[in-house]
Protein chains: 2
Amino acid sequence: MRSRPVHSAQPETKSHRRRRGTGDVRLNDIAKLAGVAPVTVSRAINAPETVAPATLQRVREAIDRTGYVPNLLAGGLASARSRLVAAIVPTIAAPVFQETIEALTNALAVAGYQMLLGQSGYGESREDALLEAIIGRRPDGIVLTGIMRSPRMRLRLLASGIPVVETWDLTPTPIDMLVGFSHESIGSVVADHAHASGRRRLAIVTAADDRALLRAKGFADAATRFGIGTALASEIPVAIASAPGTLGGGRRSFAELLARHPTIDAVFCSSDMLALGVVTEAQARGIKVPTQIAVVGYGDTNFAADTVPALTTVRVDGTAIGELAARRIIDRADGREGIPPVTDVGFSLIRRESA
Amino acid sequence: MRSRPVHSAQPETKSHRRRRGTGDVRLNDIAKLAGVAPVTVSRAINAPETVAPATLQRVREAIDRTGYVPNLLAGGLASARSRLVAAIVPTIAAPVFQETIEALTNALAVAGYQMLLGQSGYGESREDALLEAIIGRRPDGIVLTGIMRSPRMRLRLLASGIPVVETWDLTPTPIDMLVGFSHESIGSVVADHAHASGRRRLAIVTAADDRALLRAKGFADAATRFGIGTALASEIPVAIASAPGTLGGGRRSFAELLARHPTIDAVFCSSDMLALGVVTEAQARGIKVPTQIAVVGYGDTNFAADTVPALTTVRVDGTAIGELAARRIIDRADGREGIPPVTDVGFSLIRRESA
DNA sequence: ATGAAAGCGCTAACAG
DNA sequence: CTGTTAGCGCTTTCAT
């Protein structure tokens, strides 16, 4: 089967005929080597403070000598704590979530947890299988980027009894816990800014994505309250690009928008990449940004400050979201009380040159 | 401890005083409901073709009725196959690896495996802990993005006996299996292209990253073979930006390069984002691309085709890498023979407008 | 095609 | 502080 060298020959220490797992040295072997009972080794590893220093020393030596790595599958089964947290993202390619995933992975690693990563963005049937596979691992928590909309899945998650943190959104009815912010508020704040800057013919370029559409809605609603929009209609012109937003998508959407509404003077984009596309297309056509048209992005991606002109955008602290999500799960696992079910991390409008 | 509703009350079916895991319904319960032995339920789930249709039917009904989800921790422990594959990336933020991770996750999910994600980019000590945690889960395979350089870690991986696939690089001495391509060849091919286009004063903007430096080396070596470089010296001017490469980093590096070597006529960048930065800085200074200076990127990121001018870049099929890596691991797990230890997926130079 | 028995490697519970 | 005992929930082996 395998053909690579293995640490040492199978020790026939114990049973009569048995199969054996990948690892060759077990807790028991360490116990024998150190001259203690297996439990003591377990304690030395998981709760060193409950073991006498001298014993600890002997156990540690035995571990170092053998290169023993505890089998966490067995540990998880016995303790009903897997020290595993599942994160479900629509797709790994979405750069907005990266900061969150990165912070989450780190915070979990520091606390001795591993992260199981799943992608949900492949239709209902696959999503069902994904959830099944995840629940089957009995993770100590599940972090969702974006709230879960499918009622079936929500029910399944609830029934599983596993702590769930939904993120990157705000909903009055979270499955369990939530760390996010209001997308509609963002749209509203951006519209305020455009209005305050004297813009009156607003438009939207957005990716076809639930949360992006929510921001667009907040923007459109606010604009409508101001009584502004295109020249005649009170409706805000919208161009929808396929998700995820790309530079090319931004260019094409802006071109399309311009063809239909040549007089627009501000565009709110659902991502910085789309915004950069709009700026690129504007420059290619000799339209001045921000003089003739203001452009606002979303995400404060690492290029936003260095484009020409520098992008005005909305920043969300993805790192904070990841860290808080980790904290919520760990607190639950530790049986802590009084964990806030909903946390709003807010956002900020970063004013640069493009608007 | 937990305060959310749980599926049903704890069934006191079995033991005298016992603790219980998260899930409430077990294989045994299904067996009783369906009127069969536990093994039969196990078979119905893992090898349905070995069970009589009528029996299968009854078992499936029982599963549907209860919402039973098998405990994979227990299954993994008993079978010594965890159906878990670990992927280790330097950081999640590196966009080049996204395609690979995405393809890997999918290919694994389809085959019934889950992916454990770990970040190595946080220094030796953390890397050690990471590896320990991963090995402890007894994954059926480990995929490394980039080869592992630390000898300690290489040894540890080897000793674990777990199948390993190194990716995104080519080395004569892989730990186990490898799916990658030659970074030096890329540099060499780009230098050829620059030379063939009549460029004679070449320069490099690179992130401080092992593989990027390898491409830079290939580029510099080829240029030296042509006897070209700056006006006098045969050394190629290099500006090093901190990893990961950003648009701002590209702008600053290019400015620095220009200050030292005002006559350069071609720049090879270690990422498309850096290349976009170079183009941006050039435009801000009124330097024409490609007329006055040619710019080549790396990655063929989704914006490369749509910038002005469109970026000439190097494309690597990250999806193929991910899929092949998954295949290698699954083939190993299935005990297949004749798995190629090294696979070179190659790359291609995408000629667009910037060079 | 189905079942009985025996663990996989670890930890919780209850002493001492 | 340390040990004994009894599983965690599943799959393997061997038998029918």
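Reader: In which sense do strand β3 and strand β4 of chain A pair, and over how many bridges?
Author: Please note that this is a predicted model. In chain A, strand β3 (residues 141-145) and strand β4 (residues 164-167) are paired in the parallel sense, over four bridges.
Reader: Which residue in β4(A) is the bridge partner of A:V143?
Author: The partner of A:V143 there is A:V165.
Reader: What sheet do 12 strands form, and in what order?
Author: The 12 strands form an open sheet with mixed pairing. The order is β11(A)-β5(A)-β4(A)-β3(A)-β1(A)-β2(A)-β2(B)-β1(B)-β3(B)-β4(B)-β5(B)-β11(B).
Reader: Why is one side of each edge strand left without a neighbour?
Author: The edges are β11 (342-344) of chain A and β11 (342-344) of chain B; each has a single partner strand, so one side of each has no neighbour in the sheet. On average, neighbouring strands of this sheet are turned by 20° against each other, direction ignored.
Reader: How do β2 of chain A and β2(B) run, parallel or antiparallel?
Author: Strand β2 (residues 114-119) of chain A and β2(B) run antiparallel and are joined by three bridges. Within β2(B), B:M115 is the bridge partner of A:L117.
Reader: Turning to the contact, how many residues does it take from each chain?
Author: It takes 61 residues from chain A and 60 residues from chain B.
Reader: Which element gives the most on the side of chain B that touches chain A?
Author: That is α5(B), with six residues. By class, this side of chain B has 27 nonpolar, 23 polar and 10 charged residues.

Key
Residues are numbered from 1 along each chain as its sequence is written. Chains are lettered from A and ligands numbered from 1 in the order in which they are written. This is a predicted model: local features need pLDDT of at least 70, side-chain atom pairs count only at pLDDT 80 or more; totals for chains, interfaces and linings use all residues. Two strands pair if DSSP finds at least two bridges between them. Helices (H or I, at least four residues) and strands (E, at least two) are DSSP runs, numbered from the N terminus. Axes are lines fitted to C-alpha atoms, for helices over the stretch in contact, and angles run from 0 to 180 degrees between N-to-C directions. Two residues are in contact if their C-beta atoms, placed from the backbone, lie within 7 Å. Ala, Val, Leu, Ile, Met, Phe, Trp, Tyr, Cys and Pro count as nonpolar, Asp, Glu, Lys and Arg as charged, and the others, Gly among them, as polar.
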